[in-house]
Amino acid sequence: MAAIDYLHNHGLQVEPLPGDQLSVWPADLITPEVRLWIRDHKHDLLSELVPANDDRRMTWRVVRNGQGITMLGRPMSYEQALESAKARWPNDSIIVEEYRE
């Protein structure tokens, strides 16, 4: 059984967050045993949620009118990040780049 399926079988949803973190809900269904299981299987969950060969990222560098900013959010592809940035700042010059620390 996949790690995500284990959580779904317990009535839980999960999504990745920036910094290799997870959001699991609803909180009232997270028992101490499930919390321990999540901690022990965090790597498996992250691997299933964001495959290594996927071009989606949680962090993108956006250059808005020549000023660089970091855009954090759900995993999205380059095209989705560009579309999101252009929707936020429709009148600005937008360039999206891969974020590098």
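## Starting point

Contact here means heavy atoms within 4.5 Å. With that in hand, welcome to the structure, which is a predicted model.

## Helix H2 and what covers it

Helix H2 runs over residues 32-40, and its buried residues are Val34, Trp37 and Ile38. Seen down the axis of H2, these buried residues fall within an arc of 100 degrees, so they line one face of the helix.

What lies over the buried residues of H2? The cover includes helix H1 (3-9), strand S2 (21-25) and helix H3 (42-49). Turn to the face that points away from the buried side of H2, and you will find the exposed residues Pro32, Glu33, Arg35, Arg39 and Asp40.

## Helix H4 and its strands

Now look at helix H4, residues 78-88, where Ala81, Leu82 and Ala85 are buried. Viewed down the axis of H4, the buried residues fall within an arc of 100 degrees, so they line one face of the helix. Strand S3 (57-64), strand S4 (67-76) and strand S5 (94-98) are among the elements that cover the buried residues of H4. On the other side of H4, Glu83 and Ala87 are exposed.

## How the strands pair

Strands S3 and S4 pair in the antiparallel sense, with 7 bridges.

## A buried glutamate

Strand S1 covers residues 13-17 and contains Glu15. Is Glu15 buried or exposed? Glu15 has a relative accessible area of 19%, and buried means under 20%, so Glu15 counts as buried.

Which residues does Glu15 touch, leaving aside its neighbours within four places in sequence? Glu15 is in contact with Gln21, Leu22, Ser23, Trp25, Leu49 and Arg74.

## Two salt bridges

Side chains of opposite charge can pair when their charged atoms come close. In this model the count comes to 2 salt bridges.

In one of them, the side chains of Glu97 and Arg61 meet at 2.7 Å, N to O. Glu97 lies in strand S5 and Arg61 in strand S3, so this pair ties together parts that are 36 residues apart in sequence. Glu97 is partly exposed, at 33% relative accessibility, and Arg61 is partly exposed with a relative accessible area of 33%.

Asp92 and Arg64 form a salt bridge too, and their closest N and O atoms are 2.6 Å apart. This pair links distant parts of the chain, 28 residues apart: Asp92 is in the loop between H4 and S5, while Arg64 is in strand S3. Asp92 is partly exposed, with a relative accessible area of 23%. Arg64 is partly exposed as well, at 32%.

How values were computed:
Residues numbered from 1 in each chain as written. Predicted model: local features only at pLDDT ≥ 70, side-chain atom pairs only at ≥ 80, totals over all residues. Heavy atoms only, no water. Buried < 20%, exposed > 50% of the residue type's maximum accessible area, 1.4 Å probe, protein only. Helix = DSSP H or I, 4+ residues; strand = E, 2+ residues; numbered from the N terminus. Arc of directions from axis to C-beta. Pairing = 2+ DSSP bridges. Salt bridge = Lys/Arg side-chain N within 4 Å of Asp/Glu carboxyl O.
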